[in-house]
Amino acid sequence: MWIVFALAASVLWGLTYVINEQVYKKISIITTIGITTLFTGVIMLFFAYLGGLLKQELAVIAGSKQLLLFIIGGTIVLILAELFIGLSIINKNATLAGLIEISYPVFIVLFA
């Protein structure tokens with residue numbers, strides 16, 4: 001089943017690049033990231049609350065400085081990655097930006 005999820009993610013990431021290429025012609029990358037992360041955050045926190053995970057997992061985060069630092073670091077990296085791919089898309093196009101960006105598995109191996 002993992003391969004279905006991975007392929008679905010790949011399809012959806014590709015779609016976001018094409019959609020964002022059109023959005024970036026009208027509004028800035030920063031505004032786009034702000035709006036999408038705001039909605040994403042609200043929706044995901046709502047689902048975490050509904051699933052009974054939010055309170056319990058906030059306690060886990062509060063009890064682990066290392067986990068909190070990983071979350072903060074991951075958030076910063078995600079924001080920078082979104083910003084850089086956005087800049088790449090507006091400076092060239094979604095297709096070429098995506099073709100270069102698919103080299104990320106090399107970095108997964110290096111960082112792991």
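**Contacts, core and surface**

Guide: In this predicted model, 62% of the contacts in the protein with a separation of 6 or more are between residues 24 or more positions apart.

Visitor: How many helices and strands are there?

Guide: The protein has 6 helices and 0 strands. Read from the N terminus, the order of elements is α-α-α-α-α-α.

Visitor: And what box do the C-alpha atoms fill?

Guide: Along the principal axes, the box is roughly 45 × 35 × 30 Å.

Visitor: What share of the residues is buried?

Guide: Of the 112 residues in the protein, 12% are buried. The accessible surface is about 9,000 Å², and carbon and sulfur atoms account for 78% of that surface.

Visitor: Which residues form the largest nonpolar core?

Guide: That core has 8 residues, namely Tyr17, Tyr24, Ile29, Ile33, Ile85, Ile89, Ala94 and Ala97. Two or more residues of this core come from each of α2, α4 (65-91) and α5.

Visitor: Take Tyr24, then. What does it touch?

Guide: Setting aside residues up to four places away in sequence, Tyr24 touches Ile29, Thr32, Gly86, Ile89 and Ile90. Ile29 and Ile89 are also listed with Tyr24 in the largest nonpolar core.

Visitor: Let us change topic to Glu101. Where is it found?

Guide: Glu101 belongs to helix α5, which covers residues 94-101.

Visitor: Why does Glu101 count as partly exposed?

Guide: Glu101 counts as partly exposed because its relative accessibility is 31%, and that class lies between the 20% and 50% limits.

Visitor: Which residues is it in contact with?

Guide: Apart from neighbours within four places in sequence, Glu101 is in contact with Tyr17 and Ile85. Both Tyr17 and Ile85 are members of the largest nonpolar core. With Tyr17 there is also a polar contact between the two side chains, at 3.1 Å. As for Ser88, 13 residues from Glu101 along the chain, the two C-alpha atoms are 9.5 Å apart.

Visitor: Now the surface. Which residues form a nonpolar patch there?

Guide: The patch consists of Ile27, Ile35, Phe39, Ile43, Met44, Phe46, Phe47, Tyr49 and Leu50, and together these residues have about 960 Å² of accessible area. One of them, Phe47, lies in helix α2, residues 29-50.

Visitor: What about Val42, buried or exposed?

Guide: Val42 is exposed, because its relative accessibility of 52% is over the 50% cut-off. Val42 is placed in helix α2. Val18 is 24 residues from Val42 along the chain, and their C-alpha atoms are separated by 24 Å.

Terms used
Residues numbered from 1 in each chain as written. Predicted model: local features only at pLDDT ≥ 70, side-chain atom pairs only at ≥ 80, totals over all residues. Heavy atoms only, no water. Helix = DSSP H or I, 4+ residues; strand = E, 2+ residues; numbered from the N terminus. Buried < 20%, exposed > 50% of the residue type's maximum accessible area, 1.4 Å probe, protein only. Contact = heavy atoms within 4.5 Å. Polar contact = N/O pair within 3.5 Å; in protein donor to acceptor, adjacent residues only side chain to side chain. Patch = residues over 30% accessible without salt bridge, like charges linked within 9 Å, V, L, I, M, F, W, Y side chains within 5 Å. Areas by Shrake-Rupley, 256 points an atom, 1.4 Å probe, with all protein chains shown as cover. Salt bridge = Lys/Arg side-chain N within 4 Å of Asp/Glu carboxyl O. Core = buried A, V, L, I, M, F, W, Y, C linked by side-chain atoms within 4.5 Å.
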